[in-house]
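I opened this notebook page to record what I looked up at the chain interfaces and at the metal site. The entries follow the order in which I made them.

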Amino acid sequence: MNPLKIVDKFILKVEEFILSYAIIIIALMVVGKALSRALFTYTPPFADEVSQIAIVVATFMGISYAARKGRHISMSAFYDLAPFKVRKILAIFIPLVTAIVLFVLTYFSALYVYDVYESGRVTSALQMPSYYLYIFIPIGFLLGGIQFLRNMWINIKHRDEVYLGTDAKDYNDQEKEEIHEGTHL
Amino acid sequence: ACGGNGDGGDNASGGEGQTYNWKFVTEEVDGQVQYEYAEEFAKRMNEKSDGAVNIEVYEFGGLGSETDQVEQLQSGTVEMAVMSPGFTGNMVKEGQIFALHFLFPDSVEKTQQILNDSEALNTDLREKYEEHSISPLSFWTEGAMQWTSSKEITEPADFENFKMRTQTSPLILESYKAYGAEPTPMSWSELYTALDRGTVEGQENPIFFIGDASFHEVQDYMTLSNHNNYVAMTTVNTDWYEGLNDEMKTMVDETTQEMQEWVFEEQKKQNEEYLQTIKEDTENPTEIVELTDEQRQMFKGKAMPVRDYYRNEVSTVDGQILDKLQEEIEAAGE
Amino acid sequence: MVATLLTIMVVLLLLNFPMMIPLMAAPLIVLFIYFPNLDPMILMQQFSTGIEPYVLLAVPLFIFAADIMTTGKTSNRLLDFIGSFIGHIRGGYAVTTAAACTLFGAISGSTQATVVAIGKPMRERLLKIGYKDPTAMALIINSSDVALLVPPSIGMIIYGLVSGTSVGDLFIAGIIPGIIVFLSFSIYSIIYAKVADIPLANKVSWSERWRLTRKALLPLGFPIIIIGGIYTGLFSPTEAAGMSVLYAFVLEVLIYRSIHIKELPKIARSTGLVTSAVFVLVAGGQAFTWVISFARIPQMITETVLGTEPSAIFVLLMVTVFFFIGCMFVDPIVVILVLTPIFYPAAMDAGIDPIHLGVVITFQAALGSATPPFGVDIFTASAVFNKPYLEVIKGTPPYIIMMVVISFLLIFFEELSLLLI
Ligand code: NA
Ligand code: NA
């Protein structure tokens with residue numbers, strides 16, 4: 001396998017792992033907190049904070065995964081009506097601009113993380129440096145930007161198909177068959 | 001459609017006839033103490049400067065969380081802010097001093113006097129904030145904090161296994177554990193319903209806030225504990241403030257000083273009015289519990305060891321500011 | 001500034017950009033153009049602030065519970081049970097969906113959580129018996145609105161704080177409007193089912209119903225745990241979402257053994273994917289809100305519109321229009337926080353009852369969460385059901401029309417809000 005593919009596969013695995021366990025951790029924290037309070041009148045003070053960290057992590061680390069699967073929400077009304085050629089052009093242009101925007105956001109959010117780092121602020125329950133939480137925002141934007149570039153590239157490389165993401169073809173070109181129905185795979 | 005609002009509050013050189021547009025953000029909404037304070041402040045500055053100073057007051061909501069607003073002041077996005085030390089306690093640790101129970105006198109008036117005069121706060125603590133580009137120009141109380149509860153609380157034993165909604169900071173958790181309570185962190189938006197259903201049994205706030213948020217509707221008792229004060233600070237961005245010309249700086253300082261008396265009366269009025277509202281709400285009766293001196297001493301006794309926790313675990317200067325403040329409070333004579 | 005903001009957003013939207021781009025880029029561009037002295041970093045903090053509210057955690061949790069239930073057996077057993085009682089009635093499934101959304105929304109307080117928890121299983125059944133997807137999704141999205149209207153309502157708690165109005169009274173005032181919405185949707189559903197000739201199931205015998213009821217006994221623990229747990233104060237609505245995950249886990253993994261524990265991360269991953277797609281938009285919406293609040297855009301517009309000494313009806317109409325438009329773009333809770341203080345003084349001067357005003361405002365907030373282009377329920381449905389945006393909103397016009405008509409009723413007849421108080 002070529003090394004880029006190995007890197008890609010590795011990043012995919014990491015993203016999948018983070019997404020899965022972020023959700024599982026939220027469930028554990030919320031359930032644990034409720035049960036502990038109801039049964040032992042003890043509320044673990046870190047529970048809310050851990051859930052909130054997990055939701056920030058899931059949200060931003062999910063950007064590139066959702067881009068790969070073509071699952072970002074968009075208003076496709078006019079796009080769906082457009083002929084193949086126009087869709088093909090848009091499928092190259094949109095990921096490119098999206099990637100640029102995400103890189104700009106990466107830059108500013110990295111500056112923000114640095115600012116929080118310098119302030120020495122800690123979180124209120126865990127007393128953990130606050131920037132640990134925010135660092136996932138630039139990482140998420142960066143990986144998202146890279147993935148959108150890949151979405152652009154696959155549309156350039158494969159001339160006769162439109163891709164919504166590297167792992168998802170345009171539903172407009174798939175005759176009536178139910179495409180990747182449901183959220184579970 | 002509407003441009004021209006983009007000067008970002010700076011006052012580029014212009015000499016005579018220059019105008020100033022500043023932004024003043026608060027942690028409360030229209031009608032509440034902080035917001036009314038900022039409006040009055042803006043009005044006075046405008047009058048004194050013959051219309052040259054225009055201060056836009058922002059209420060809580062549109063600009064994000066309290067912590068966000070702190071960062072906005074630090075970065076100079078807004079020039080002025082009312083902030084409570086509680087929301088900066090994770091950065092300026094010494095500011096958590098106001099969370100200590102039974103530190104200030106029972107009398108809110110005496111407390112305000114100490115806040116005005118204290119060197120520990122107005123010099124030493126201010127320096128700590130200025131390391132983070134925040135200059136607190138004054139400290140003032142929004143009223144004493146009270147307990148509301150679903151069962152009567154008159155002595156520490158009543159707190160045994162009691163689910164008390166608190167903020168998450170370790171010092172506050174420690175303060176309630178000292179009474180034997182079970183501090184229960186819970187988000188503000190869930191609190192009304194949680195009190196109603198008994199998910200948590202009590203909470204703490206100044207009276208005006210309790211009344212405004214309708215918490216008395218879902219609680220049976222309110223203990224006038226005055227266990228600490230909800231302290232707010234009038235703050236400015238340090239670099240911006242240092243860069244003001246002498247005339248403006250003096251005007252800001254003077255107005256800040258004048259406002260101390262004004263805001264004391266304002267919080268007093270609001271707290272008294274809401275106390276009346278709560279008493280008169282016969283549909284949702286709330287018993288008002290007053291503590292005897294003896295009961296107050298019992299709570300204070302339990303709360304004392306928490307000061308050591310503050311000295312050892314919170315303070316970055318081994319409690320120097322607390323020690324100095326304690327001396328000042330004693331000198332003021334309770 | 002407003003023109004720049006709207007142009008950027010609309011153009012990017014129509015071009016089929018991922019919606020997070022207009023929501024995140026437009027505020028950034030406005031900052032560059034109109035506030036060049038400001039540090040754009042300030043928008044970055046808003047991204048995390050937007051998704052940090054604790055109550056939002058109910059959304060991924062209900063998605064997770066629903067994913068576990070639909071992968072396993074729980075959801076089918078529950079639906080078979082319900083179907084055996086209402087399957088032979090005209091519009092039965094649709095009315096049941098509306099009722100379930102109303103009840104669940106009332107209790108959970110979250111429109112998004114309702115879309116997920118009730119919508120996910122009910123939609124599949126509606127499709128199976130012959131409803132078109134846009135119709136089914138529109139019914140689910142709009143019925144879920146009621147969450148904001150019926151107690152406990154976060155919208156009302158926020159309005160109560162901002163205006164100093166009794167939250168208890170507001171809760172009671174929301175009941176009649178909530179019932180009116182449910183009845184309108186039900187009548188519409190029955191008429192629709194007749195006109196569209198949705199096939200009816202055969203009437204099920206009582207012995208068959210008994211058999212299905214027994215099969216559904218354990219799954220029926222769900223509503224009992226959620227409703228009972230919240231009402232007795234055992235847990236908060238957000239925690240109830242967590243408990244439903246636990247319950248789904250116990251049923252599917254431990255009792256029915258229809259899911260192996262090793263499959264859970266995979267299910268959680270798909271939950272995470274949907275959560276991310278929705279929450280990046282919530283994050284972007286917060287940055288958008290920050291810019292318009294900072295630039296004082298709501299104040300600028302409303303001051304010109306209201307003029308001096310407006311009549312009560314005029315104020316209420318303007319409240320309706322502004323909250324409706326505001327909620328199309330921004331999270332309803334934020335709209336309540338930002339716009340209420342602007343309208344409240346004028347409303348009081350015009351002699352409007354603060355409770356009546358609260359109901360009118362909360363109603364618009366509810367409606368707004370299901371209104372294109374940025375209604376948060378629409379994102380949620382699009383992500384959870386994995387359906388293109390247009391298909392999600394295609395069926396909504398009849399519901400929006402009904403809601404608008406009810407809005408007018410609420411404006412002109414304050415008794416609808418004040419009767420029970
Ligand atoms: Na009461
Ligand atoms: Na509700």
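The entries below concern a predicted model.

**Entry 1: chain C against chain A**

I began with the contact between chain C and chain A, which takes 68 residues from chain C and 66 residues from chain A. The area buried between these two chains is about 5900 Å², and carbon and sulfur atoms give 74% of it. I then asked which three residues supply more of the area that chain C buries against chain A than any other three. They are C:Asn16, C:Arg269 and C:Leu273, with 12%.

For charged pairs, I found 3 salt bridges across the interface of chain C and chain A. One of them joins A:Glu16 to C:Arg269, with the closest N and O atoms 3.4 Å apart. I counted 11 residue pairs in polar contact between chain C and chain A, both residues being at pLDDT 80 or more. Helix α16 (residues 264–294) of chain C gives the most to the side that touches chain A, namely 16 residues. By residue class, I noted that this side of chain C divides into 45 nonpolar, 15 polar and 8 charged residues.

**Entry 2: chain B against chain A**

I next looked up chain B, where 18 residues are in contact with 17 residues of chain A. Together the two chains bury about 1500 Å², 51% of it on carbon and sulfur atoms. The count here is 1 salt bridge: A:Arg121 pairs with B:Glu71, and their closest N and O atoms are 2.3 Å apart. I recorded 6 residue pairs in polar contact between chain B and chain A, again with both at pLDDT 80 or more.

Three elements of chain B, α2 (66–74), α5 (170–177) and β6 (182–185), each supply at least two residues to the side that touches chain A. The largest share, 4 residues, comes from β6(B). I found this side to consist of 6 nonpolar, 8 polar and 4 charged residues.

**Entry 3: the sodium ion**

Which atoms coordinate the sodium ion (ligand 1)? I listed B:His216 (O), B:Gln219 (O), B:Pro285 (O) and B:Thr286 (OG1), at 2.1 to 2.9 Å. Along the chain, these donors follow the spacing H-x2-Q-x65-P-T. B:Gln219 lies in the loop between α7 (207–212) and β8 (221–224) of chain B, and B:Pro285 in the loop between α9 (246–280) and β10 (287–290), so that the pair links distant parts of the chain, 66 residues apart.

Methods:
Residues are numbered from 1 along each chain as its sequence is written. Chains are lettered from A and ligands numbered from 1 in the order in which they are written. This is a predicted model: local features need pLDDT of at least 70, side-chain atom pairs count only at pLDDT 80 or more; totals for chains, interfaces and linings use all residues. Side-chain values use heavy atoms; hydrogens and water are left out. Contact means heavy atoms within 4.5 Å. Buried area is the accessible area (1.4 Å probe) that two parts lose on being put together, summed over both. A salt bridge is a side-chain nitrogen of Lys or Arg within 4 Å of a carboxyl oxygen of Asp or Glu. A polar contact is a pair of N or O atoms within 3.5 Å; within protein, one must be able to donate a hydrogen and the other to accept it, and residues adjacent in sequence count only if both atoms are side-chain atoms. Ala, Val, Leu, Ile, Met, Phe, Trp, Tyr, Cys and Pro count as nonpolar, Asp, Glu, Lys and Arg as charged, and the others, Gly among them, as polar. Donors are N, O and S atoms within 2.8 Å of the metal (3.2 Å for Na, K and Ca); water is not among the atoms, so sites may look incomplete.
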